[in-house]
Amino acid sequence: MKNDAYYMNKALELAAKGLGHTHPNPPVGAVIVKNGRVIGSGYHKKAGLAHAEIEALRVCKTSPAGAVLYVTLEPCSHFGKTPPCADAIIKNKLKKVVIGTRDPNPLVAGRGIKKLRRAGIETVCGVMKEEAGGLIRYFSKFITSGLPYITLKAASTIDGRIAAKGGDSKYITSPESRTIVHLLRSINDAVLIGSGTALADNPLLDTRLLGPGARKPVKIILDAGDRLTGREKLFHSGRTIVFSGAAGRLKDAENITVVRNCGSDIKKIMKKTAELGLTSVLVEGGSEIFTAFIKARLADELLVFYSPSVFGADGIPMLGALGIKSAAGRLKASLLSAGVAGGDLAARFKINY
């Protein structure tokens with residue numbers, strides 16, 4: 001007999017298909033099992049469309065009555081853009097619901113589980129909880145703190161340098177690493193750089209390596225010094241938000257939003273970013289911006305693609321001064337995952353403040 005973790009893993013695989021497409025909702029997957037056989041499965045494809053549980057119920061060719069539902073996130077119990085999934089589960093007479101993690105949304109927060117149990121449906125929560133929680137980490141931070149989830153992404157030599165002394169960084173890492181970065185852009189709501197990087201590298205900040213149908217993130221540019229001209233490549237396609245000073249040359253236009261007078265207050269900028277509906281930001285800026293995010297205790301993850309090369313003291317470091325005076329006072333991180341990308345080492349860390 002296959003156990004609960006087996007079917008929950010199937011549901012997690014389905015949920016992952018929705019990454020980058022369900023904004024501002026979390027990705028969710030569901031599998032319905034009856035008499036040891038999967039009779040229905042589905043995932044949430046886009047905000048406003050059916051939730052994973054409903055998708056799974058729709059494709060059942062066998063009656064789901066008496067079946068077990070495996071779902072990565074607690075079924076909703078409130079009316080939003082779609083009716084409550086808990087009601088559909090009760091109506092279809094499922095006998096058991098196995099849940100990956102509770103919904104952090106205060107509108108749900110255990111209410112879906114209570115509703116199911118009051119209806120006599122056996123409900124188990126916490127199967128593969130860590131994996132299910134990790135899948136919705138963008139949504140969780142956004143819904144509980146009012147701030148987007150922040151990932152700092154760096155391409156670095158093994159001695160922690162992100163560019164040569166003159167600023168040249170093309171290309172430190174492998175084509176495989178760069179393709180992964182484009183994938184990361186596609187699943188984050190926004191990608192952020194500073195005007196210095198915009199002017200020095202003139203990047204597109206798109207997802208072209210994934211093909212023409214790939215989701216493109218909103219581009220956020222920090223330009224407190226009002227240096228941008230509007231002729232940079234990143235303005236040529238897709239939505240761009242510029243956080244500028246008081247006297248910038250840029251004005252609101254089609255696909256361009258200019259937010260003035262935020263200065264270099266990273267927390268204020270991120271609060272405004274969340275107010276604009278963006279739940280996750282991939283920060284691709286340089287040392288100064290990385291340092292500002294960490295000093296403000298806003299960065300959640302650090303993702304580094306380490307190239308097997310060195311610059312030594314002739315290179316620009318990944319981070320600037322953090323005011324750390326001793327080894328005991330060093331900022332610590334937890335390794336979340338590591339792997340090989342081309343000839344590079346890709347390592348993902350959770351930052352522990």
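**Exercise 1. Determine how the lining of the second largest cavity divides by residue class, and describe this cavity.**

Solution. 
Step 1. The lining of the second largest cavity comprises 2 nonpolar, 2 polar and 3 charged residues. The structure is a predicted model.
Step 2. The residues concerned are L205, D206, K216, P217, K219, S237 and G238.
Step 3. The classes can be assigned by name: Leu and Pro count as nonpolar, Asp and Lys as charged, and Gly as polar. L205 and P217 belong to the lining, which has 2 nonpolar residues.
Step 4. The space in the second largest cavity is about 30 Å³.

**Exercise 2. State how many cavities of 30 Å³ or more are counted, and characterise the largest cavity.**

Solution. 
Step 1. The count gives 2 cavities of 30 Å³ or more.
Step 2. For the largest cavity, the volume is about 140 Å³.
Step 3. Its lining consists of 18 residues, and those nearest the centre of the largest cavity are T22, N25, P27, Y138 and T279.
Step 4. Divided by class, this lining contains 9 nonpolar, 7 polar and 2 charged residues.

**Exercise 3. Describe the largest pocket: its volume, its lining and the elements that contribute to it.**

Solution. 
Step 1. The volume of the largest pocket is about 1,300 Å³.
Step 2. The pocket is lined by 50 residues, and T197, D201, E284, G285 and G286 are the closest to its centre.
Step 3. Several elements give two or more residues to this lining, including the strands β6 (149-157), β7 (161-164), β8 (190-194) and β9 (218-223).
Step 4. By class, the lining of the largest pocket has 23 nonpolar, 16 polar and 11 charged residues.

**Exercise 4. Identify the element that supplies the largest share of the lining of the second largest pocket.**

Solution. 
Step 1. The second largest pocket has a volume of about 900 Å³.
Step 2. Its lining has 31 residues, with G134, R137, E301, L336 and R348 closest to the centre of the pocket.
Step 3. Elements that each supply at least two lining residues include α1, α5, α6 (137-145), β13 (301-307), β15 (332-341) and β16 (344-352).
Step 4. Among these, α5 provides the largest share, 5 residues.
Step 5. The lining of the second largest pocket divides into 17 nonpolar, 6 polar and 8 charged residues.

**Exercise 5. Name the residues of the nonpolar surface patch, and classify the exposure of I324.**

Solution. 
Step 1. I324, L331 and Y353 make a nonpolar surface patch of about 240 Å².
Step 2. I324 is placed in the loop between β14 (315-317) and β15.
Step 3. The relative accessibility of I324 is 41%, so this residue counts as partly exposed.

Definitions and conventions: Residues numbered from 1 in each chain as written. Predicted model: local features only at pLDDT ≥ 70, side-chain atom pairs only at ≥ 80, totals over all residues. Heavy atoms only, no water. 1 Å grid on protein atoms, 1.4 Å probe; cavity = no way out; pocket = protein on both sides within 12 Å on 5 of 7 lines; lining within 4 Å. Points joined across faces, edges and corners; volume = space filled by probe spheres on them. Helix = DSSP H or I, 4+ residues; strand = E, 2+ residues; numbered from the N terminus. Patch = residues over 30% accessible without salt bridge, like charges linked within 9 Å, V, L, I, M, F, W, Y side chains within 5 Å. Areas by Shrake-Rupley, 256 points an atom, 1.4 Å probe, with all protein chains shown as cover. Salt bridge = Lys/Arg side-chain N within 4 Å of Asp/Glu carboxyl O. Buried < 20%, exposed > 50% of the residue type's maximum accessible area, 1.4 Å probe, protein only.
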